[in-house]
Amino acid sequence: MIQALQIGGALIVTAALLQGVLALYSQIARDFRARQADTLRLSRFRVQTEQLLRRADADRRKSELSWSGKRKFRISRKQAENKTGSICSFHLTPHDGGSLPPFEPGQFLTFELNIPGQAQPVVRCYSLSDSPEDLSHYRITVKRIGASENEDCPEGIASGFFHNRIGTGDVVDVLAPNGQFVLDTHSDRPVVLIAGGVGVTPLLSMLKYLNDNNSQRETWFVYAARNGEELACRDEIEQIISNNSHFHSLFVFSDPTEECVEGQDYDCAGRPTVELLKEHLKSSNYQFYLCGPAPMMELMTRQLCGWGIPDRDIHFEAFGPATVKTIQKDAGSGETPSESVGVKFARSGLSADWREEDGSLLDLAEAHHLKVNSGCRAGNCGTCATALKTGKVTYMATPASEPAGGTVLLCIARPDGDVTIDI
Ligand SMILES: Cc1cc2nc3c(=O)[nH]c(=O)nc-3n(C[C@H](O)[C@H](O)[C@H](O)COP(=O)(O)OP(=O)(O)OC[C@H]3O[C@@H](n4cnc5c(N)ncnc54)[C@H](O)[C@@H]3O)c2cc1C
Ligand code: FES
């Protein structure tokens with residue numbers, strides 16, 4: 001009897017002990033999980049704080065170091081970026097020896113080039129193609145337009161000048177980085193960067209930014225070209241893609257040469273389409289950035305819209321005068337009058353009549369020998385944004401991004417009734 005009681009007692013004690021141990025174990029496990037969650041929260045918080053501090057520091061340096069008007073830059077390096085040499089990179093360092101302001105991945109520089117034989121400086125924009133994290137220099141990558149490759153196309157004035165006349169040590173006039181076609185660096189959503197031809201430049205800068213910040217964002221780099229000879233910076237791109245397990249590339253050739261091997265030199269023949277993207281992307285929940293020839297961008301933006309991608313997730317930039325979205329954006333109230341309307345240039349005190357055949361307000365201003373800064377002349381670069389003091393305008397094309405309140409892009413604006421502009 002006593003023995004049975006002793007055994008019972010021992011069992012009760014053991015059970016109590018076991019319960020205690022189990023309770024202690026689950027408490028330790030709970031504490032461990034809570035500590036893990038805390039560590040994760042803390043590390044996310046640390047990353048976010050670091051990002052905020054970095055951005056605040058970049059904003060401060062940008063406002064301290066940025067310049068208005070022209071600044072002289074020396075070409076510190078010139079380098080061919082494809083097999084035929086039709087695409088060249090130019091490294092630029094400030095002639096005054098000062099520091100460079102940070103820029104956002106996707107932005108461009110505007111050049112005022114004094115080209116022999118041209119009555120006025122030639123203004124052209126070139127995207128910054130290097131990482132915004134390396135401010136030892138700026139880099140642009142220029143494709144030579146026309147020349148030997150197509151006899152019907154005259155040699156490009158500015159691109160020909162860069163390729164044929166500009167070399168290491170030469171000095172050029174440059175306006176500060178600008179542009180609204182920039183990577184959303186605050187987001188952690190996956191991204192698809194779609195480049196066509198030399199449109200690769202702003203997207204390469206975005207890719208380099210993501211890589212330099214050790215991004216965990218799933219990133220697809222889709223690069224379309226006619227064939228391997230037209231690809232710029234291929235080694236650089238492939239090295240970045242192989243560096244980060246979240247990065248993927250797709251090379252799409254529309255006209256592969258005999259030496260191009262599918263699966264080795266390129267991933268598929270044809271042009272980039274949404275069907276191709278659907279084969280590789282997990283869903284449609286990505287941010288899309290596109291830059292390339294107008295037909296490619298027209299097709300892709302139309303197909304992306306058809307796939308249900310909201311407008312806010314489709315970002316694009318066109319290099320040439322072609323517009324991507326053909327819907328006319330009406331910034332005014334009604335139809336453009338066929339009769340002449342009055343245009344006042346407030347600062348110069350000039351007045352002019354505008355008629356349909358006068359073209360844009362930029363054309364009209366230039367026809368009256370007024371100096372207006374311009375770059376793309378297609379509503380892309382924002383260089384011609386000017387205050388509209390009275391009246392309304394109609395845009396002949398959709399601006400790549402809305403200019404600041406109260407200003408209009410003269411290169412694509414026509415007066416919608418009498419107007420006064422601040423020139
Ligand atoms: C925001 C922005 C960023 C840009 N970034 C780059 C860049 O990173 N690298 C780059 O090489 N270019 C870039 N460009 C294009 C560049 O600004 C020039 O338009 C281009 O170099 C042609 O200028 P050009 O003076 O050599 O040619 P032009 O003398 O103006 O034109 C010569 C001939 O080429 C045709 N043409 C003009 N532009 C193009 C074009 N883009 N494609 C095909 N034919 C054309 C013209 O119709 C004409 O027949 C960018 C443009 C913009 C607006
Ligand atoms: S010149 Fe580029 S927006 Fe007008």
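Ile 75 is found in strand 1 (residues 71-80) of this predicted model. Strands (E, at least two residues) and helices (H or I, at least four) are DSSP runs, numbered from the N terminus. Ile 75 is buried, with a relative accessible area of 0%. Buried means under 20% relative accessible area, exposed over 50%, and partly exposed in between (1.4 Å probe, protein chains only).

Residues are numbered from 1 along each chain as its sequence is written, chains are lettered from A and ligands numbered from 1 in the order written, and side-chain values use heavy atoms, without hydrogens and water. Because the model is predicted, local features need pLDDT of at least 70 and side-chain atom pairs count only at pLDDT 80 or more, while totals for chains, interfaces and linings use all residues.

**Around Ile 75**
- Ile 75 and Gly 169 are 94 residues apart in sequence. In space, their C-alpha atoms are 5.3 Å apart.
- Beyond its neighbours within four places in sequence, Ile 75 is in contact with Phe 90, His 91, Leu 92, Ile 166, Gly 167, Thr 168, Gly 169, Asp 170 and Val 172. Contact means heavy atoms within 4.5 Å.

**Helix 2**
- Helix 2 is mostly covered, with six of its eight residues buried.
- Those buried residues are Ala 158, Ser 159, Gly 160, Phe 161, Phe 162 and His 163.
- They pack against strand 1, strand 2 (87-94), strand 3 (108-113), strand 4 and strand 5.

**Ligand 1**
- There are 20 residues around ligand 1. Cys 125, Tyr 126, Lys 143, Ala 158 and Ser 159 come nearest. A residue is near a molecule or strand if one of its heavy atoms lies within 4 Å of it.
- Strand 4 (122-127), strand 5 (138-143) and helix 2 (157-164) each supply at least two residues of this shell. Strand 4 gives the most, with four residues.
- By class, the shell has twelve nonpolar, five polar and three charged residues. Ala, Val, Leu, Ile, Met, Phe, Trp, Tyr, Cys and Pro count as nonpolar, Asp, Glu, Lys and Arg as charged, and the others, Gly among them, as polar.
- The side chain of Arg 124 has an N or O atom 2.8 Å from an oxygen atom of ligand 1.
- A backbone N or O atom of Ser 127 lies 3.1 Å from a nitrogen atom of ligand 1.
- For Ile 157, a backbone N or O atom lies 2.9 Å from an oxygen atom of ligand 1.
- Taken alone, ligand 1 exposes 910 Å², and the protein buries 76% of that. Accessible areas come from the Shrake-Rupley method with a 1.4 Å probe; for residues, only the protein chains shown count as cover.

**Gln 287**
- Gln 287 sits in strand 11 (residues 287-291). At 5% relative accessibility, Gln 287 counts as buried.
- The side chain of Gln 287 makes a polar contact with the side chain of Arg 217 (2.9 Å). A polar contact is a pair of N or O atoms within 3.5 Å; within protein, one must be able to donate a hydrogen and the other to accept it, and residues adjacent in sequence count only if both atoms are side-chain atoms.

**The whole chain**
- The protein chain has seven helices and 19 strands.
- Buried residues make up 45% of its 423 residues.
- The C-alpha atoms fill a box of roughly 120 × 55 × 50 Å, taken along the principal axes.
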